[in-house]
Amino acid sequence: MSHDAGATAPQERVAHLGAAPGGRKRTAGSAGSRAGRAGLAITALSIVATVAVGLAGPSAMEPALPGHPGQPPWALGLHLSPYAAVGLAAAALVAGTAGLGLCLHAIRRGWTTSPRLILAGGLVAAAVITLVPPFGSSDHLSYAAYGRMVITGHNPYLTTPAMLARLGDPVAGAVQDWRHSPSVYGSLASGGQALASWIGGDSTRLTVFVLSLLGLAAFAGTGLLLHALARGSRERQLRAGLLWTLNPLLLQVLVAGAHVDSQAIVFGVAAIAIFALGMPNAPPARHPLRRLGVAAAAGAVAGLAFSVKLSFALVAAGLVVAALLAWWPRPAPGGSAPDRRRPAPAAWRPLLLAVGGVAGGFAVTAAVAFLPWGLGSAAPALRAGKLVSIGSPWRAVRSSLHLWLGIGEGNAGNLVRAGAIALAVLLLVLFTRPLLNLAGLAGLPGRRRPGDLRGQTTVAAGPAAGCDLTTLTAASVFVFGFAWLIAWPYVLPWYDGLAWALLALLPWTSLPWAALDWLVLARTAALAFGYLPARGIALPSGLGWLQSVVRTAVTPVALLAVAVILVLLLWPYRPRWPQRRPARRAGPELSGR
């Protein structure tokens, strides 16, 4: 689909809808407008409920924040019952899932509104949420303790909050979960936590507020970058605002949770922006060093994402794949037969510059990130990677291997990790064909020069989004990130943040890309409901089913369904069912009459 053809897809659907009985025309555009307005209204209700949970003060959803009176973040101290607190958070999730789903449906039906208004509304909502205490988990208390360790001269990768608390530290003493776990985050995350601790001092409350401000800055930066990357297309900018900035699920599980993932995501999106916007402006023939510098800068920024959270090394892997797809030498059209089979040696230069720059920039930044505490700082994260979440389908697999087949728990965990790696590889292989189609490499030899993505017709292009380098780069990074999310045994709702950020830059009118919005929505919603709350506390007996039923059974089944649907969508070989031939109407010579 070409750029112009994709841009008119919503209008074509409107034209084909036809008129309703009685002469009243019901266009898809009007139906989309109603759905869009309803979706925004329901989203607003979800955001209000999210703010209310934090503003109410400590509850089953919100851990207490020790600190001096009057310090931010502010709360009313209403002491909601567990039923009220969890119910209000659940209502926000229900409304948020429905509102976002309606908005995404409305865009596909031709609805539009001001992308800048959506962007501004999301930023204001995120700022308001930051003014109230975080809730949903107690991870922010651990962040504060890790920063306190750095400030007091302790190694956050060898020291646990419990160890520091025994020394009488008030910030470490406030940690509730993960008291015996050192930091699993990169050195850049530890630096931000140390900055917050330096400002907050011995006040857990003020330290957490500074951490929330860092998260807000990262969340807002990601929204602004996505808005810029989607320029030239009102639909893409609108999707960017709805899928990230005004996304009610992210506003609750990511922003209201004050999770460090926001900081890794902004660096990941920034790396994509540098690569996608900078590389086409650096001609390889005249300025090879400039192209190498742009690629190295993108790789270095991807290294910053890795320095926040080690799993974001996948961003660098996606950039390398995008470079391979964009600059793999194509045979020159119209050349002799040997030329078509064997590109000239100079044709490899753009590819080598792009791949070498990304790999070199990432390696330098990653190496620098290990200087403060050494390679041992990765050990806690690697150990945590062996965990299996209760809400993951792999939990049932591990339990079955251990209890039914008598396999030791350690060996069962090893088998689960091997299965997860195999599943991730399978997904990457299955995503190869859509990526090749997107890059114009599937059955289109010799159609364009290396690196020239403009004007390329692809079967996967979405409305107002031809296969430009931004789309290809975002898709490549998304494939690695989403394959990891689907396959890995340790899952939490805010881990889906990078997938949400990149969805806005992908095509969305043809399969398999068109289904990704709904798969990510179903996955995040299932995890968010399954981890209400994501805290190691005992809920009242009337709410125990949230852990024993929803988290243990419903969420894993939902995640498994998402994985199965994704594999079926990507599977290249579909059975061809025998088609029934239409029955021939008997004529006079057949009927005997």
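Select Pro-533 to begin: this proline is found in the loop between helix H24 (513–530) and helix H25 (545–570). Keep in mind that the model is predicted. The peptide bond from Leu-532 to Pro-533 is cis, and its omega is near -10°.

Next, select Pro-72 and Pro-73. The bond that joins Pro-72 to Pro-73 is also cis, with omega near 0°. Pro-73 sits in the loop between helix H3 (28–55) and helix H4 (82–108). What makes these stops worth a look? Most peptide bonds are trans.

**Two positive phi angles**

Stay in the loop between H3 and H4, and pick His-79 there. His-79 is not a glycine, yet its phi is positive, at about 55°. Is His-79 buried or exposed? His-79 counts as exposed, because its relative accessibility is 62% and the cut-off for exposed is over 50%.

Now jump to Ala-258. You will find Ala-258 in the loop between helix H12 (248–255) and helix H13 (261–278). Ala-258 has a positive phi too, near 55°. Its surroundings are another matter. Ala-258 has 11% relative accessibility, so it counts as buried; the cut-off for buried is under 20%. For background, most residues other than glycine have a negative phi.

**The largest cavity**

How many cavities of 30 Å³ or more are there? The count comes to five. Start with the largest cavity, whose volume is about 140 Å³. Select Gly-481, Trp-484, Leu-485, Tyr-495 and Leu-498: of the 15 lining residues, these are the closest to the centre of the largest cavity. Then show helix H22 (469–487) and helix H23 (497–503), which each supply at least two residues of this lining. H22 gives the largest share, six residues. Colour the lining of the largest cavity by class: 11 residues are nonpolar, two are polar and two are charged.

**The second largest cavity**

Move on to the second largest cavity, with a volume of about 110 Å³. Its lining has 14 residues. Select Gly-136, Gln-252, Val-253, Trp-494 and Tyr-531, which lie nearest the centre of this second cavity. Which classes line the second largest cavity? Here 10 residues are nonpolar, four are polar and none is charged.

**Confidence check**

Finish by colouring the model by pLDDT. The protein averages 87, and 83% of the residues score at least 70. Select residues 335–340, where the pLDDT is below 50.

Technical notes: Residues numbered from 1 in each chain as written. Predicted model: local features only at pLDDT ≥ 70, side-chain atom pairs only at ≥ 80, totals over all residues. Heavy atoms only, no water. Helix = DSSP H or I, 4+ residues; strand = E, 2+ residues; numbered from the N terminus. Buried < 20%, exposed > 50% of the residue type's maximum accessible area, 1.4 Å probe, protein only. pLDDT = per-residue confidence, 0-100. Contact = heavy atoms within 4.5 Å. 1 Å grid on protein atoms, 1.4 Å probe; cavity = no way out; pocket = protein on both sides within 12 Å on 5 of 7 lines; lining within 4 Å. Points joined across faces, edges and corners; volume = space filled by probe spheres on them. Nonpolar A, V, L, I, M, F, W, Y, C, P; charged D, E, K, R; others polar.
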